[in-house]
Amino acid sequence: MGKATQDLRKEHDAILYVLQILNKMINADSFDAEILLNYYDDVVYFLKIFADKCHHGKEENILFKELINKGVPNEGGPVGVMLQEHVQGRNYIAQMEQSLDIKNIEGFKNAAMLYSDLLRRHIEKENNVLFLMADKVINEQEQNFLFLQFEKHEENVIGHGVHEKLHSMIDTWAEIFDVE
Ligand SMILES: [Fe+2]
Ligand SMILES: [Fe+2]
């Protein structure tokens, strides 16, 4: 497994963990609505910064471009499908935000479930199909180079301070919503 795809797989694990927490949050009925809305708001922040800007950014701007260079089909092929799913994910996040703006808890839950379902299936396809393909066509040296670009991208969109903040948010949620 190359260094670049390994980094993305690690991020998939973090995203899946947060989706597990989100699932607990939307089924938690012993919490005050205002408190839950604040948690929902924080999860949306995580999904926008970490899952979309950082992770999908690495895929779209760096890995997918390299795959297309190597001849993996974009439109009508696996890369095109992944890109469409990123767009669909952004639509669901926008629906989640709109629901939070008007404190529509049911609307939020509905969009959050659609998002989780989409992302779980998306991650499964990347882990089991696209990244295996990537490991075949991108050699180790090239993967190391992609990884360096990932690090730069991460520093640009997240930076050290926000990274720490996201980690501590996840730890707090895991404790409050009892997720191992
Ligand atoms: Fe993706
Ligand atoms: Fe991904």
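This passage describes the fold, helix packing and last helix of a predicted single-chain model. As a predicted model, it is described with local features only at pLDDT of at least 70 and side-chain atom pairs only at pLDDT 80 or more, whereas totals for chains, interfaces and linings use all residues. Residues are numbered from 1 along each chain as its sequence is written, and chains are lettered from A and ligands numbered from 1 in the order in which they are written.

Along the principal axes, the C-alpha atoms occupy a box of roughly 50 × 35 × 25 Å. Of the 180 residues, 29% are buried (20 or more other C-beta atoms within 10 Å of the residue's own; exposed if 12 or fewer, partly exposed in between; C-beta atoms placed from the backbone). Contacts require C-beta atoms, placed from the backbone, within 7 Å. Among contacts between residues at least 6 apart in sequence, 79% join residues at least 24 apart.

Helix α1 (residues 3-26) packs against helix α2 (residues 33-69) at an angle of about 160°, with the axes 11 Å apart. The two helices are therefore roughly antiparallel (angles under 35 degrees count as roughly parallel, over 145 as roughly antiparallel, 65 to 115 as roughly perpendicular and the rest as oblique). Axes are lines fitted to C-alpha atoms, for helices over the stretch in contact, and angles run from 0 to 180 degrees between N-to-C directions. Residues of α1 that meet α2 include Leu8, Ile15 and Leu22, and those of α2 include Tyr39, Val43 and Phe46. Helix α1 also packs with helix α5 (residues 140-157), at about 45° and with an axis separation of 7 Å. This pair is therefore oblique. Lys3, Ala4, Thr5 and Asp7 of α1 form the contact with Gln143, Asn144, Leu146, Phe147 and Phe150 of α5.

Helix α6 (residues 159-176) has 18 residues and spans 26 Å from its first C-alpha to its last, close to the expected 26 Å (1.5 Å times one less than the number of residues). One of the 18 residues of α6 is buried, so the helix lies largely in the open. Just after α6, Asp178 adopts a positive phi of about 55°.

Definitions and conventions
Helix = DSSP H or I, 4+ residues; strand = E, 2+ residues; numbered from the N terminus. Contact = placed C-beta atoms within 7 Å.
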